[in-house]
Amino acid sequence: MAGRLDQALKHAPLRAPSPLFDRPRAPRGVFTSQTGFLRALGGLAVVLLLVLPFMDASRYTMSIATSALIYVMLCMGLNVVVGFAGLLDLGYIAFFAVGAYVSGIFTTVLGFPMWLSLIATICACIIAGIIIGAPTLRLRSDYLAIVTLGFGEIIRITANNLDITGGPSGIHGIPSWEFGGWSFDDGFSIGGIEFPGYVVFYYFVALVVVVVGVIGAGRLGKGKMGRAWKAVRDDEDAAEAMGINTYIAKISAYIIGAVWAGMAGQLMATHLSAISPNSFQFLYSALILMAVVLGGMGSTPGVIIGALFVSLAPELLRDFAEWRFLIFGVLLVVVMLFRPAGLWPATAVLPWLKRQKPQPPPFTSAVSAVDHGEPTVPPSVMESVDGLPATDAEEGRQP
Amino acid sequence: MMQLIWNGLIVGSFYALVALGYSMVYGIIKLLNFAHGDIYMLGAFVGFFTLSAFGISNETSIPLLLVIMLLSMVTTGLIGVGIERIAYRPLRNSPRLAVLITAIGVSFTLEYGVRQLFGPNPEAFPIRLASTGFDVLGMRITASQLVLVVIAAVLMLVLAHIVERTSQGRAMRAIALDPQGAQLMGVNVNRVIATVFFIGSALAGAAGVMAGAYYGSIDFLMGFIIGLKAFTAAVIGGIGNLYGAMLGGLLLGLLESFGAAWFGGEWRDVFSFAFLILFLTFKPTGLLGARVVERM
């Protein structure tokens with residue numbers, strides 16, 4: 001009896017009956033679907049950013065735009081840690097410092113080319129993420145917050161005290177990218193348009209890295225690992241009961257955050273060509289956290305908006321430069337009290353999509369059958385698995 | 001050697017005073033109050049502001065110090081209650097992350113608010129205790145150090161009395177065990193939590209005034225590092241445990257004193273934070289802490 005069922009199952013292709021999957025395709029248009037709209041928006045932003053140097057290539061604009069891009073990269077990384085995995089990291093700038101210092105030391109003191117220092121940066125950030133994450137991620141999340149705070153200070157003080165990191169004055173003269181005999185500093189001209197070294201290359205490199213970083217972090221958040229992170233964030237015990245290795249999930253989020261910050265550090269080191277411990281104070285960890293919280297934890301568009309706000313605010317509000325940090329502090333409290341999901345919450349639905357009624361499920365789907373309380377589909381469809389006739393299954397149940 | 005121990009005890013008593021507030025608040029509502037270090041800074045600035053308003057500077061009188069300290073304690077205590085009312089109480093049932101982020105925001109607000117009021121440069125504290133001293137067992141003890149240690153000890157004894165012997169203290173311990181149960185038994189949970197914030201902030205304010213008088217200069221970021229150190233002390237002693245916080249504070253002061261002597265002063269902070277990480281890794285419950293059972 002059971003043997004016959006096994007026999008039947010062995011020959012039956014194990015798949016659900018096809019009517020289950022006969023659903024209408026999700027809308028894909030720019031204005032009819034959330035994903036489509038966000039993709040179009042992102043594409044538009046990239047095009048605008050690509051065009052920007054051709055409109056205004058002054059050193060000032062390019063410098064601000066590059067640092068805004070670096071902020072976006074940092075915030076995307078912190079978003080993975082805080083927004084997706086729900087781990088409060090208050091020493092996030094430490095990984096930024098690790099990235100910047102490793103690339104600085106490798107290119108100046110040890111004389112490696114830039115591409116090698118890139119690999120070294122990523123490795124160093126992974127190691128740093130494991131060193132700090134492995135012991136503390138087993139603890140409660142608020143312990144993690146303060147340990148990371150201490151870790152950020154450790155990195156800064158160490159950089160301040162060691163000789164190899166240049167002490168309080170930091171590292172100067174970090175070389176730029178070189179290909180053959182040509183380096184970014186040389187610049188070149190195409191068709192009469194002059195591309196000076198400082199303008200185009202760091203900006204474009206930053207743009208490419210940041211676009212990859214944003215898309216990568218967003219897609220990681222949607223994948224299997226991202227779902228595990230969000231499950232751990234929402235309820236760690238329930239996630240564990242569902243078979244998620246919460247420790248692995250947390251440490252992977254932590255390492256990915258570290259790598260993102262390290263890449264941002266590398267970008268900054270080559271962009272400014274000089275780094276010093278003062279760039280890695282707790283203040284900046286708090287600013288990045290501020291950007292993520294303000295924009296909306298776990299929401300990619302929100303975090304980008306937050307990053308742009310935090311990085312561009314001092315430029316736009318020059319008169320309020322002194323008050324900026326006070327305002328940020330008050331904003332953090334106010335946002336948490338009145339709009340904890342941020343400006344663009346992760347669960348936000350575009351307003352014109354909200355009014356649309358969900359499409360009714362197709363006639364033969366399991367959902368409608370359950371909803372109506374009576375089988376509206378022929379019993380043979382309900383009870384048979386493709387290739388396994390209903391009668392066989394019935395027979396199997398008889399004594 | 002003895003000198004190192006003595007110096008460690010002085011610094012340790014500051015840490016212990018701040019750590020007590022951390023530990024009490026954590027014990028009762030499971031919140032890491034990041035703004036606690038900044039309350040310490042506020043205490044010092046309240047003292048500075050009052051003394052400057054009366055045009056006092058370079059004073060060495062101990063009674064004046066006590067008066068200023070009481071004033072600072074009341075002010076910071078009220079500020080602590082206000083912070084709890086505005087920023088923490090509405091979020092008491094929110095996810096832990098939200099409250100932590102709010103605490104960071106409060107800390108930022110306090111730091112940069114003070115910066116806007118008093119400017120970014122360090123200020124000289126108007127009371128500077130005399131450095132006349134005497135030698136005992138090969139260590140030099142100044143009268144001011146003795147006064148500070150005595151004040152710290154008295155404050156801690158008063159606190160221990162409040163928590164162990166009064167009905168308010170019993171209510172605090174009840175809430176720490178089970179907030180809902182305590183509420184059902186007729187404890188006014190909100191008022192007791194406000195009291196805890198008042199006491200913790202007052203202790204931090206007292207420590208701030210003492211630190212101002214001891215070190216002589218104050219600035220708007222002085223609370224940041226000591227907040228971290230006090231947390232370390234609270235963890236070493238076992239967070240949520242009052243005697244643990246006192247023990248942890250003194251122990252951390254001693255450790256730092258010796259660490260600075262062995263590795264050099266510039267590594268002092270690294271040494272104590274590394275100690276924090278080690279402690280959390282191998283004995284997260286601390287020396288005196290009870291095993292924490294997570295409720296679901």
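What we are looking at is a predicted model, in which local features need pLDDT of at least 70 and side-chain atom pairs count only at pLDDT 80 or more, while totals for chains, interfaces and linings use all residues. Residues are numbered from 1 along each chain as its sequence is written, and chains are lettered from A and ligands numbered from 1 in the order in which they are written.

Let me begin with chain A, which has 17 helices and four strands; here helices (H or I, at least four residues) and strands (E, at least two) are DSSP runs, numbered from the N terminus. Of its 399 residues, 39% are buried, where buried stands for 20 or more other C-beta atoms within 10 Å of a residue's own, exposed for 12 or fewer, and partly exposed for what lies in between, with C-beta atoms placed from the backbone. Among the contacts in chain A with a separation of 6 or more, 75% join residues 24 or more positions apart, a contact being two residues whose C-beta atoms, placed from the backbone, lie within 7 Å.

Within this chain, helix α3 (residues 59–84) packs with helix α10 (residues 246–272) at an angle of about 170°, and their axes are 8 Å apart; axes are lines fitted to C-alpha atoms, for helices over the stretch in contact, and angles run from 0 to 180 degrees between N-to-C directions. That angle makes α3(A) roughly antiparallel to α10(A), given that angles under 35 degrees count as roughly parallel, over 145 as roughly antiparallel, 65 to 115 as roughly perpendicular and the rest as oblique. The residues that make the contact include A:Met73, A:Gly77 and A:Phe84 of α3(A), and A:Trp260, A:Ala264 and A:His271 of α10(A). By class, the contact has 17 nonpolar, four polar and no charged residues, with Ala, Val, Leu, Ile, Met, Phe, Trp, Tyr, Cys and Pro counted as nonpolar, Asp, Glu, Lys and Arg as charged, and the others, Gly among them, as polar.

Still in chain A, the loop between α6 (141–161) and β1 (178–179) holds A:Ser176, which is partly exposed, with 18 other C-beta atoms within 10 Å. A:Ser176 is 62 residues from A:Met114 in sequence, yet the two are 7.2 Å apart in space, C-alpha to C-alpha.

Turning to chain B, helices α5 (residues 143–165) and α6 (residues 167–177) have axes that come within 5 Å and cross at roughly 75°, which makes α5(B) roughly perpendicular to α6(B). Here B:Ile162, B:Val163, B:Glu164 and B:Arg165 in α5(B) meet B:Gln168, B:Gly169 and B:Met172 in α6(B), a set of three nonpolar, two polar and two charged residues.

In helix α3 (residues 62–88) of chain B we find B:Thr76, which counts as buried because 32 C-beta neighbours lie inside 10 Å. Leaving out residues up to four places away in sequence, B:Thr76 touches several residues, including B:Ile39, B:Val46, B:Ser201 and B:Gly205.

Finally, the contact between the chains takes 35 residues from chain A and 34 residues from chain B. On the chain B side, the elements that give two or more residues are α4 (96–118), α9 (222–237) and α11 (268–282), and α4(B) gives the most, with 14 residues. That side divides into 24 nonpolar, seven polar and three charged residues.
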